[in-house]
Amino acid sequence: MWKVWGCIVEARDDNYSNPDDFPLAYAQRVWLAPVFLTPFIWPAFLTDSPSVMAWMCLPLSVFNVVLLLNVMPAWRRGIILSETEQEETEVGSRERILMEEHTAQIAQKIEEYVKEKQGFLDPHLKMDQVVDHCGTNRTYVSLTFKEHFGGFYKYVNQLRLEYYEQYMQQHPKSTKDVAAQASGFSSYQSYYKAYQRLVNAQQ
């Protein structure tokens, strides 16, 4: 369950700049599914039979693997499923150089769209919009965000926080809620949550 919750949080941060857009109610139901299936193991405990335990654990294990793969981000799922193949092959230096050049180009496109064109001011900005602008594979864009910017959620909301500070300096009579919405947050509460989260991460 801890692993599933980690994948849910990762999927939220990698795809949504505004956590309120994330289907949290569905994610919580998915996360609690293993709890409701736990009673299936009770007959094994009551009978104290290793064979019954084995038969009960088998379908539960299959269910949990399927559940994990369904909530796991696609790029991470691909990495895990192809882990054996990756161990058997070595990437040459030429391929590494090409990959680094490719991710550098993607990073430029990301910065151009999110920062220079102020895509971060869209309170419902999602990873899909950035992927469309970059015109490349979603996996590469996600990995580039992690390697160059610390992650999609962190980069977008850090820009929003900086813009908020500038806006308050330029408009001292503005209310906090107006400043937050002008900075790309859906509300001042969203601004405060992002501020607390990113500041705490830096400490």
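Among contacts in the protein chain between residues at least 6 apart in sequence, what share join residues at least 24 apart? The share is 66%, with contact meaning heavy atoms within 4.5 Å.

## About the model

This is a predicted model, where local features need pLDDT of at least 70, side-chain atom pairs count only at pLDDT 80 or more, and totals for chains, interfaces and linings use all residues. Residues are numbered from 1 along each chain as its sequence is written, and side-chain values use heavy atoms, leaving out hydrogens and water.

## The overall fold

You're looking at 12 helices and 0 strands; helices (H or I, at least four residues) and strands (E, at least two) are DSSP runs, numbered from the N terminus. Of the 203 residues in the chain, 33% are buried, that is, under 20% relative accessible area with a 1.4 Å probe, protein chains only.

L125 sits in the loop between α7 (93-116) and α8 (127-134). This leucine is buried, at a relative accessible area of 0%. Leaving aside residues up to four places away in sequence, L125 touches Y16, S17, Y113, G119, F120, F152, V156 and R160. N15 is 110 residues from L125 in sequence, yet their C-alpha atoms are 8.7 Å apart.

## Where α8 meets α9

On the α8 side, M127, D128, V130, V131 and C134 meet R138, V141, S142 and F145 of α9. Those contact residues split into 6 nonpolar, 1 polar and 2 charged; Ala, Val, Leu, Ile, Met, Phe, Trp, Tyr, Cys and Pro count as nonpolar, Asp, Glu, Lys and Arg as charged, and the others, Gly among them, as polar.

Note on methods: Buried means under 20% relative accessible area, exposed over 50%, partly exposed in between (1.4 Å probe, protein chains only).
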